[in-house]
Amino acid sequence: MIQKSDLEGWIDFPTLESKVENVILSSLQEPESLLRFLFCYVSWNGYFGSGVATLSGKIGRSQSVFIDPDESFLPAADRAVLIASYVFDAARDEFDDSSTIWRDTHRCLAQALLKGCHQFFSKKTSLDSSTLYRSPFWLNGLNSRVAQGYGAGSSDDALHIFRALGYHVGSELLADKEFSIIDATLSKRYPKLVEFLSEERFVVGDAEHSGYAWFSIHSGHGGGVEADHFSYAMRSVELAFQFIDAPLKEEMRHHFSEGFQLFARDHSDFFNQVHGEQI
């Protein structure tokens, strides 16, 4: 029911990618503007892992929604947890990245990046942490919208599940693109910063974490974890449509599209607002 070509037709990808590139280039003008951008970006991204976990549980609880028509033994016919398992693959990495033997949550890796960047620039210029890292009201609002997008507080029914699946797929698809753009831009414009972050480790919580791992594993130039998560998400969508009642499929496609475009709206709002912080 849903193909990648459908997603590409629902939003203007070239415009979104151009916006991301313009924002990151603008942020590179001063150390403070780059740190401000990274702080906001790390904050916003910090809510998606919990959102994915919320969606996994939401789908898993919906045993009466997803029924295998080929299973005659009714107690073995619900496929909710199977569908949820492909969403949970992303949550598994968010809470403990599979590429390392350590307890590297993506939140810890993001905090190590920000901590390393602050350390790098503080050697060269005086930084006021009280203003640089103050969360703006618009960011607080966007962070709340992540929880809503992933279905927190809504009913565990087909409508809200498919809308949240659309939001999730949008997040994974656009994140892969934006991480790749940011990684490429930083590597080209700030190679010494990237070298410093790649070589150093920073204590966050009870462990040391690589300063650049967060970007390197998410970027399509490195580990490409977002691309993997997108593939898992699309498999969950495929199964969700396979096991929903046939008369509901067209309606659920509509709600999925709504969720996808809601994420595109939030994505656009983030980069518009964070750009406003720099001008």
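D156 is partly exposed, with a relative accessible area of 30%; this class lies between buried, under 20% relative accessible area, and exposed, over 50%, as computed with a 1.4 Å probe on protein chains only. The model is predicted, so local features need pLDDT of at least 70 and side-chain atom pairs count only at pLDDT 80 or more, while totals for chains, interfaces and linings use all residues. Residues are numbered from 1 along each chain as its sequence is written, and side-chain values use heavy atoms, with hydrogens and water left out.

The partner of D156 is K58, with which D156 forms a salt bridge whose closest N and O atoms are 3.2 Å apart. The term salt bridge denotes a side-chain nitrogen of Lys or Arg within 4 Å of a carboxyl oxygen of Asp or Glu. This pair links distant parts of the chain, for K58 belongs to helix α4 (residues 48-60) and D156 to the loop between α8 (137-149) and α9, 98 residues apart. Helices are DSSP runs (H or I, at least four residues), numbered from the N terminus. K58 counts as buried, because its relative accessibility is 1%. In general, side chains of opposite charge can pair when their charged atoms come close.

By this rule, the count comes to 12 salt bridges. Another one joins D266 and R145, with the closest N and O atoms 2.5 Å apart. Here D266 lies in helix α13 (residues 249-276) and R145 in helix α8, 121 residues apart. D266 is buried at 1% relative accessibility, whereas R145 is partly exposed at 23%. R145 also forms a salt bridge with D269, the closest N and O atoms being 2.7 Å apart. Because R145 lies in helix α8 and D269 in helix α13, this pair ties together parts that are 124 residues apart in sequence. D269 is partly exposed, at 27% relative accessibility. Through shared partners, salt bridges join R145, R265, D266 and D269 into one network.

The next topic is the nonpolar core. Such a core is a set of buried Ala, Val, Leu, Ile, Met, Phe, Trp, Tyr and Cys residues joined through side-chain atoms within 4.5 Å. The largest one holds 88 residues, of which F37, Y41, W44, F66, F215 and F270 touch the most other members. Helix α9 (residues 158-189) gives the most to this core, with 14 residues. In soluble globular proteins, nonpolar side chains tend to be buried together. Leaving aside neighbours within four places in sequence, Y41 is in contact (heavy atoms within 4.5 Å) with E178, F179, I182, W214, F215, F270 and F271.

Helix α9 also contains T185. This residue is buried, with a relative accessible area of 8%. A polar atom of the T185 side chain lies 2.7 Å from the backbone oxygen of I181. Not counting residues up to four places away in sequence, T185 touches I24, L25, L28 and Y190.

Finally, helix α5 (residues 80-95) may be followed along its length. The expected span of a helix is 1.5 Å times one less than its number of residues. For the 16 residues of α5 this should give 22 Å, and the end C-alpha atoms are 22 Å apart, which agrees. Helix α5 bends by about 40° at Y86, the bend being the angle between axes fitted to the seven residues ending there and the seven starting there. Among its buried residues are A80, I83, A84 and V87. The buried residues of α5 pack against α4, α6 (106-122), α9 and α12 (225-242).

Key: Helices (H or I, at least four residues) and strands (E, at least two) are DSSP runs, numbered from the N terminus. A polar contact is a pair of N or O atoms within 3.5 Å; within protein, one must be able to donate a hydrogen and the other to accept it, and residues adjacent in sequence count only if both atoms are side-chain atoms.
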